[in-house]
Amino acid sequence: MKGSSKASVTFLTVDEEDAGQRLDNFLLKHLKGVPKSHVYRIVRSGEVRVNKGRSDVTYRIAAGDVLRLPPVRVAEKPDAAPAVAASHRIDIPIIFEDDAILILNKPAGLAVHGGSGVSFGLIELIRAQRPQAKFLELVHRLDRETSGILMVAKKRSALTVLQDALRDNHRIDKRYLALVKGVWENPRSHVKFSLLKYNTAEGERRVRVSPEGKISHTVVNRRQVWKDCSLLECELKTGRTHQIRVHLAASEHPILGDEKYGDFALNKILPRQGLRRMFLHAWRLVVDHPITGKSLELEAPLPPELQSYIDQLEKTHA
């Protein structure tokens, strides 16, 4: 992406690496720190121009397009030093890698990106470990407390294809394992609570069930049941923020160890019983390769701290 400036207005020429992505996605990446609502407003108002004309946020930019951007205040570039320092001591297991994509097994407790008091996240860590890489971008996100499969694109073309697949429920199969409070009655259930995002008085992002929210769909498969908890496999049919956590809590079966939507009294007891984190793990992913089209079937087994808790349940309830 080449750029120039005139009277506080910026002109950018799209190169091959940036071509193919939606205008809004490019602007959100390029205008770091600018609120999403403001980005959409400057496009709707015509302050953003593509080849001297108005455009829609859904327009896919092409190589050679010239974008006119109005003067906006962007966030300062984050300090890379913390990620560089941590890159030598934190090893992220690789499940699959080729020239187009990198599939990782994210550990619990590591945010996917820095910000909001977090000095660095997984993507900053991977970039620090691979300083020669020209392009590394998250395809999707996992909550900080959630472990498991996470996709990173190594090419812009791969990122675009995979993000399109994520928007289509029939083109990707993402499954999570969750241990929840109580006995889940049905072998297979469809949970379809509508979800609405909001911020608490402290500015923390939360989600609640609301008729004003976005339609959300999780298929819940019962894997195993004990006296007071159940192991569930959850299929994401939509990809809303905190979807599985809120859907299960609203079904009166909160995830064990969930500090936002769980049973807080029970959570205080769990560490003494051997569970010291939220029991939610992205364990299986089936997706077509973004370049070759070949189906990829990837799995990340339960991490030791979760598997040991399951083993303990088996012994206790044998």
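Beyond its neighbours within four places in sequence, Asp143 is in contact with Lys106, His242 and Arg245, contact meaning heavy atoms within 4.5 Å. The structure is a predicted model, in which local features need pLDDT of at least 70, side-chain atom pairs count only at pLDDT 80 or more, and totals for chains, interfaces and linings use all residues. Residues are numbered from 1 along each chain as its sequence is written, and side-chain values use heavy atoms, with hydrogens and water left out.

Asp143 is listed by UniProt, in an unreviewed entry, under "active site"; UniProt positions are given in the numbering used here, feature names are shortened, and annotations may be inferred rather than shown by experiment. The residue is placed in the loop between strand E7 (137-138) and strand E8 (147-153). Helices (H or I, at least four residues) and strands (E, at least two) are DSSP runs, numbered from the N terminus. Asp143 counts as buried because its relative accessibility is 18%, where buried means under 20% relative accessible area, exposed over 50%, and partly exposed in between (1.4 Å probe, protein chains only).

His242, one of the contacts of Asp143, lies in the loop between strand E14 (229-236) and H6. With a relative accessibility of 6%, His242 is also counted as buried. Its phi is near 55°, a positive value in a residue other than glycine. Helix H6 (residues 243-250) is mostly covered, with 6 of its 8 residues buried. These are Gln243, Ile244, Arg245, Val246, His247 and Leu248; Arg245 is one of the residues in contact with Asp143. Just after H6, Glu252 takes a positive phi of about 70°.

The search of the whole structure returned 1 cavity of 30 Å³ or more. A cavity is a set of points, on a 1 Å grid over the protein atoms alone, where a 1.4 Å probe fits but cannot get out; lining residues have an atom within 4 Å of a point. Grid points are joined across faces, edges and corners, and a volume is the space filled by probe spheres set on the points. The volume of the largest cavity is about 50 Å³. Its lining consists of His140, Leu142, Ile149, Lys174, Arg175, Tyr176, Ala282, Arg284 and Leu285. At least two lining residues come from each of strand E9 (172-181) and strand E15 (280-288). By class, the lining holds 5 nonpolar, 1 polar and 3 charged residues, with Ala, Val, Leu, Ile, Met, Phe, Trp, Tyr, Cys and Pro counted as nonpolar, Asp, Glu, Lys and Arg as charged, and the others, Gly among them, as polar. The largest cavity lies between domain 2 (80-159) and domain 3 (169-317), because both give residues to its lining; the domain bounds come from an automatic or database domain assignment.

Two asparagines were also examined. Asn267 lies in helix H7 (residues 264-273) and is buried, at 14% relative accessibility. Neighbours within four places aside, Asn267 is in contact with Leu256, Gly257, Asp258, Glu259 and Gly262. Asn25, in helix H1 (residues 23-30), is partly exposed, with a relative accessible area of 27%. With the same exclusion of neighbours within four places, Asn25 is in contact with Gln163 and Arg167.

In the protein chain as a whole, there are 8 helices and 16 strands, and 45% of the 318 residues count as buried.

Conventions
On a 1 Å grid over the protein atoms alone, a cavity is a set of points where a 1.4 Å probe fits but cannot get out, and a pocket is an open set with protein on both sides within 12 Å along at least five of seven lines; lining residues have an atom within 4 Å of a point.
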